[in-house]
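Please keep the sequence and the structure at hand while reading.

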Amino acid sequence: MAEQARYEELIRQFSAFGAVKREVGRMMPSGCPSGSAAVLTLLERYGDMRMSKLSELLAVDMSVTSRHVAHVAERGWIERSPDPADRRSRILRLTPAGQALLDQLSRRTCLMLAERLSDWSDDEVAQLTALMARLRASFDDTRVHGPEPRPPAPLVGEQTTRTPAITK
């Protein structure tokens with residue numbers, strides 16, 4: 001039972017972490033929602049790529065990726081050019097305006113984090129960074145390499161919409 005309590009506390013911390021994400025989101029300039037910032041960040045980190053690769057990295061459906069790409073392209077933050085290997089596909093590339101926006105977002109975010117974590121030691125910040133990267137990697141591993149996730153078993157007394165299996 002102690003193990004369950006540990007994970008329940010982790011769940012509470014995940015829920016509370018939403019406040020941190022909302023504060024970071026409020027720092028975004030108008031017209032640059034978090035999905036747009038994610039597109040720009042991935043293009044900066046991984047370089048030019050096809051939309052299918054971007055969709056995979058974002059871990060969202062291609063239609064969602066398409067909307068994000070259209071949004072940033074309309075603002076001149078990325079450009080779409082024909083893929084020389086397949087003219088039906090487009091290569092996405094960060095523009096100088098997109099890089100300038102990312103630089104501005106990075107400065108803002110770093111200042112906010114430095115202010116909020118001013119009473120943390122460098123070692124504590126490094127430890128948090130390492131643990132968050134490890135957590136993210138654990139989820140990436142299961143998404144990319146693991147088996148298809150099964151729906152959780154219903155809790156005792158919980159109503160379910162799943163059709164029960166027919167047994168003979």
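## Salt bridges

In this predicted model, Arg-88 is exposed, with a relative accessible area of 75%, whereas Asp-86 is buried, with a relative accessible area of 18%. The side chains of these two residues, Asp-86 and Arg-88, meet in a salt bridge with an N to O distance of 3.0 Å. Because buried means under 20% relative accessible area, the value of 18% places Asp-86 in the buried class. Side chains of opposite charge can pair when their charged atoms come close.

The count of salt bridges comes to 9. One of them joins Asp-48 to Arg-93, with the closest N and O atoms 2.8 Å apart. Asp-48 lies in the loop between H3 and strand E1 (49-50), while Arg-93 lies in strand E3, so this pair ties together parts that are 45 residues apart in sequence. Asp-48 is partly exposed, with a relative accessible area of 41%, and Arg-93 likewise counts as partly exposed, at 28% relative accessibility. A salt bridge within a helix is formed by Glu-9 and Arg-12, whose closest N and O atoms are 3.0 Å apart; both residues lie in helix H1, 3 residues apart, which is about one turn of the helix. Glu-9 is partly exposed at 33% relative accessible area, and Arg-12 is partly exposed at 48%.

## Helix H5 and its surroundings

Helix H5 spans residues 62-74 and has 13 residues, and the distance from its first C-alpha to its last is 18 Å, close to the 18 Å expected at 1.5 Å a residue. The buried residues in H5 are Thr-65, Val-69, His-71, Val-72 and Ala-73, and what covers them includes helix H3 (34-46), helix H4 (51-58), strand E2 (78-83) and strand E3 (86-94). After H5 comes Gly-76, whose phi is positive, near 80°.

From the side of helix H3, where Ser-36 has its place, there are contacts to residues of this region: leaving out residues up to four places away in sequence, Ser-36 touches His-68, His-71 and Val-72. Ser-36 is itself buried, with a relative accessible area of 0%. Thr-41 also lies in helix H3, but counts as partly exposed at 27% relative accessibility. The C-alpha atoms of Thr-41 and Gln-99 are separated by 9.0 Å, although these residues are 58 residues apart along the chain.

## A nonpolar surface patch

Tyr-7, Leu-10, Phe-14, Leu-135 and Phe-139 form a nonpolar patch on the surface, and together they have about 480 Å² of accessible area. Leu-135 lies in helix H7 and is partly exposed, with a relative accessible area of 35%.

## Cysteines

How many disulfides does the count come to? The count comes to 0 disulfides. Cys-32 counts as buried at 2% relative accessibility, whereas Cys-110 is partly exposed, with a relative accessible area of 48%.

Notes:
Residues are numbered from 1 along each chain as its sequence is written. This is a predicted model: local features need pLDDT of at least 70, side-chain atom pairs count only at pLDDT 80 or more; totals for chains, interfaces and linings use all residues. Side-chain values use heavy atoms; hydrogens and water are left out. A disulfide is a pair of cysteine sulfur atoms within 2.5 Å. Buried means under 20% relative accessible area, exposed over 50%, partly exposed in between (1.4 Å probe, protein chains only). Helices (H or I, at least four residues) and strands (E, at least two) are DSSP runs, numbered from the N terminus. The expected span of a helix is 1.5 Å times one less than its number of residues. Contact means heavy atoms within 4.5 Å. Patches are made of residues with over 30% relative accessible area and no salt bridge: like charges are joined within 9 Å, nonpolar side chains (Val, Leu, Ile, Met, Phe, Trp, Tyr) within 5 Å. Accessible areas come from the Shrake-Rupley method with a 1.4 Å probe; for residues, only the protein chains shown count as cover. A salt bridge is a side-chain nitrogen of Lys or Arg within 4 Å of a carboxyl oxygen of Asp or Glu.
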